[in-house]
Amino acid sequence: MSWVLHRDIHGASLRVGLTAGPDNPEMGAHQNKRETQEKVAELYFVVLKCVSEPKDDMVYQFITPWIGEGLLVTGGQKWFRHRRLLTPGFHYDVLKPYVRLVADCTKIMLNKWEQLCTKESHTLELYQHISLMTLDSILKCAFSYRGSCQNDSDSSYVQAVYELCLLANQRFRTFPYHNNLIYYLSPHGFRFRKACRLAHHHTEEVIRQRKETLKNEKELEKIKDKRYLDFLDILLCARDEDGHGLSDEEIRAEVDTFMFEGHDTTASGISWLLYCLAQHPEHQQKCREEIQELLEDHKQIEWELLSKMPYITMCIKESLRLYPPVPGISRRLTKPMTFFDGRTVPEGCLVGVSIYCIHRNSMIWDNPEVFDPLRFSPENSANRHTHAFIPFSAGPRNCIGQHFAMNEMKVAVAMILNRFELEIDESKPPIKIPQIVLRSKNGIHLKIKKVD
């Protein structure tokens, strides 16, 4: 474990990162287990303080022109008000009908796989397919999108969302593009602005049409009798204690934020999970047996089954530990912070927390590079620090959609394993690349075979 402090290019502030690696001298062979645990407790106390601070604008400034001042990037009282208004949109009663929507979208993807799987064992690049499936799911859950973007990927809005995610990741990794003027004058900046205009126009038109519908319906309960409540319904009808709702601009920002956060991160989580299960056929088979036993009495995945998948849930968590969809987070300090070694970082600095490194820290996890789902059994999780596993961040600014994401991952992996066997393609190993979302530079290629 080491603490790394970097001065930024202007020398005006410090950037602090948590990294995993060989123990430093102070925490070497002469240190007993109790002292190590105390240092670890100090470490997570610092992490807890960090995640409670406002988010920095260094990375998020690149996507703000698209997603606006939504829950992801806003702060202060505005964030508090939006969080409170949006929380009912992720209540269990709202999430329940989404299970069938996700199942329908996953079924479309699997039918396509079946058509592609003409040979006994066919290699497929999964990430692209899964990303389309999660985007399809989000479109339906966010504003009841009609049709399927998996079958109609030429849709201008679908292409715009894809383009924006690609360009945002590209800008993040291209240092000259961090300069607004250079990016504005570049061809990629032009494409980004064009895609932004298209995405905003589509979202604004959907909001306008839905507001007209709500005027006629008058009450949210009447809509519930006709169809499920989508995210846009919740946003349009949300009211604070003074009876004020969100403006059209704020609603658009939250819908665009939901689109950005909800499809790429989940696609990453599902893709890396399938890669882990392909590497470990024994765990893959246990998951398959679990879902096959559940489906003996059910025709399809339903809400009630999600809580009856303990082994699949443990595999999901272990995959999120090894391959967190968001590999790092950063916060801007509003007050000085002192580390356990006595060093102090002043107010206004950026503090970077590497979720990827925390999840692979040998001081916290035994054999951290090994895929072992039983780490997350109830007995093994009982004494673990709450901030040892933070794939959805932690503290008050944790991911508001984490239950939605976990549900989607359960539905998708259960349906995939029920129909296909997965095997590693050793000729095309994935190359991890930490963009805004953890991805593979060359995609995730697996051999798929229909289950007998």
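1. Helices here are DSSP runs of H or I with at least four residues, strands are runs of E with at least two, and both are numbered from the N terminus. By that rule, H263 belongs to helix α12, which covers residues 248-279. The model is a predicted one, in which local features need pLDDT of at least 70 and side-chain atom pairs count only at pLDDT 80 or more, while totals for chains, interfaces and linings use all residues. Residues are numbered from 1 along each chain as its sequence is written, and side-chain values use heavy atoms, with hydrogens and water left out.

2. Is H263 buried or exposed? Buried means under 20% relative accessible area, exposed means over 50%, and partly exposed lies in between, using a 1.4 Å probe and protein chains only; H263 is buried because its relative accessible area is 1%. A polar atom of the H263 side chain lies 3.2 Å from the backbone oxygen of M259. Leaving aside residues up to four places away in sequence, H263 touches S131, T134, L135, I138, V161 and C165, where contact means heavy atoms within 4.5 Å.

3. A nonpolar core is a set of buried Ala, Val, Leu, Ile, Met, Phe, Trp, Tyr and Cys residues joined through side-chain atoms within 4.5 Å. The largest such core has 61 residues, and those with the most contacts inside it are W113, I130, L274, I301 and M309. Among the elements that give two or more residues to this core are α5 (98-116), α12 and β8 (420-424), and α17 gives the most, with ten residues. A second, separate core of 58 residues includes L86, Y157, V158 and L232.

4. Helices α12 and α14 pack at an angle of about 105 degrees, with their axes 9 Å apart; axes are lines fitted to C-alpha atoms, for helices over the stretch in contact, and angles run from 0 to 180 degrees between N-to-C directions. The two helices α12 and α14 are therefore roughly perpendicular to each other, since angles of 65 to 115 degrees count as roughly perpendicular, those under 35 as roughly parallel, those over 145 as roughly antiparallel and the rest as oblique. The contact is made by G269, W272, L273, C276 and L277 of α12 together with C315, I316, S319 and L320 of α14.

5. Two loop residues deserve a look. N367, in the loop between α15 (355-359) and α16 (378-381), has a phi near 45 degrees, a positive value in a residue other than glycine, and N367 counts as exposed at 57% relative accessibility. S393, in the loop between α16 and α17, has a phi near 65 degrees, again positive in a residue other than glycine, but S393 is buried, with a relative accessible area of 16%.

Definitions and conventions: Polar contact = N/O pair within 3.5 Å; in protein donor to acceptor, adjacent residues only side chain to side chain.
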